[in-house]
Amino acid sequence: MGRVQRSPFRRTIATSLAAAFALAAPHLVSQDTRTVKEPVIPPACVTLQAVLTAASVTSGQLEARADAAGSDRAGLDTTRIQQALDGCGKGHAVELAPNGPNTAFLTGPIALRPGVTLLVDKGATLYGARNPESYALVPGGCGLVNDASSGCKPLIAVKNATGSGIMGDGAIDGQGGAAMVVDGKLAAKSWWDLAEDARTGGRQQAPRMIDTDLSDDFTLYRITLRNAPSLHVAFHRGDGFTVWGVRIDTPRTARNTDGIDSEQAKNITITRSWIRTGDDDIAIKASDGSTTGVTIAHNHFYWGHGMSIGSETNFGVSQIRVQDLSLDGPDYGIRIHSSAGHGGPVEDVVYSDVCIRDSKNPIDFDTAYSFPGKEIIALPEYQDIALRNVRLLGGGRIQLNGFDKTHRIDVTLDGVLALDRPVLYRAQALHTDITFGPGPVNLVFTGDDSTVTGKEAKGALPDCTAKFVPFP
């Protein structure tokens, strides 16, 4: 292994590409084809007052008594919330409001309806129930580890519910770290414990917090999402998804608690939000259809696995714009990962004005994320990837790992600087073609079957002091 070789043949082509990018940059800020404006909270069709305290809800005793009475809904708010959603007209909201010391709602699975918003007021929290049987798709199918593809309903289902949303300055708490309630008693394990058990094999059967499918123009606005049993938000088979001013807050140790996943989807904007989770803060996937036209702008990420594409990219990910992003203390910063069994084309992706601090892996493009076994059927290839004005602090590993001589990574580094000492970064490239410039680059790559066009250049970029803000 040695320092990557320069490619004189590619220099003229790369210079032309860099010039073209520079000229086109103002038109590449957004790839969501919609004109996205700050959402407006719709008027309420009904206001439901809280009748429970947070202490009574989080104790688990309400669910234990309900189970002992032969019902997973007795004493919970599931029925009245669902009836309100079912009876609300399009363009209106079901409002959940605190009432003095009563600030909590407790629900099992509920479903949004087309054009209807669930509005959680400031001071109110909607808690997810902890009885696995409330979520089970078949009896006994939720709340354990097995080989089934899916055993649980989501807490909030958004199925064929175009124009719906979840808004408000309150919170939704999935109680992922609290003991499950099984057979009327507190169990020994939480939803998150199942994820730990699944490390040795099988799948955790735990509910997603918000799961959308075949629902266009879905909106999350100002809501706080906490402690999902598994992932927080999944947007699947939809056109039009807006996330604005949202907080997602889950411990670093809560495995498989992705913040926002999108798959087989298009026209997505995620903006002005704060995310820290136990897995990918944002993940863009394409296992059963392509995902394209995504704008991620003006956000702050903290712990978690960063801004991810993958691991499933089979049907292609394209036209992605990530701009004005801070990543403070993540395991991974900018990340694209797939494998020979789950790979596909990732192309036309631009990261601009990004600050990454104290990450073990600030930049990680990996085509061998998991061992594929015999499934060498979908090969990853990352092309037309650009990093512009990306600043690094705190050291770490930088990996550009192409799959083979044919399925390569093609990446432009246009202003990528270690703001501390370049020697703190271990930069490696395999089966990769790198173009430096025109902005400054002070990283030195080593590796095999890789080329560099241009050269490391001195220069300055704005510092990151104002980028890193406390989680609100």
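Student: Which ring does R357 lie over?
Tutor: R357 lies over the face of F468, 4.1 Å from the ring centre. A charge counts as over a ring if NZ of Lys or CZ of Arg is within 6 Å of the ring centre and within 35 degrees of the ring normal. This is a predicted model, where local features need pLDDT of at least 70, side-chain atom pairs need 80 or more, and totals for chains, interfaces and linings use all residues. Residues are numbered from 1 along each chain as its sequence is written, and side-chain values use heavy atoms, leaving out hydrogens and water.

Student: OK, and what sits over the ring of F471?
Tutor: The charged end of R276, at 3.9 Å from the ring centre.

Student: How many aromatic pairs turn up in the whole structure?
Tutor: Five. Rings of Phe, Tyr and Trp (its six-membered ring) pair if their centres lie within 6.5 Å; planes under 30 degrees apart are stacked, over 60 edge-to-face, the rest tilted. Y302 and F471 make an edge-to-face pair, with centres 5.3 Å apart and planes at 75°.

Student: Are those two buried or exposed?
Tutor: Y302 and F471 are both buried (buried is under 20% relative accessible area, exposed over 50%, partly exposed in between; 1.4 Å probe, protein chains only).

Student: Switching to the backbone, which peptide bonds are cis?
Tutor: G310 to S311 is cis, with omega about 10°. G437 to P438 is cis too, with omega near 5°.

Student: And what's the phi of Q175?
Tutor: Positive, about 55°, although Q175 is not a glycine. Q175 counts as buried because its relative accessibility is 6%.
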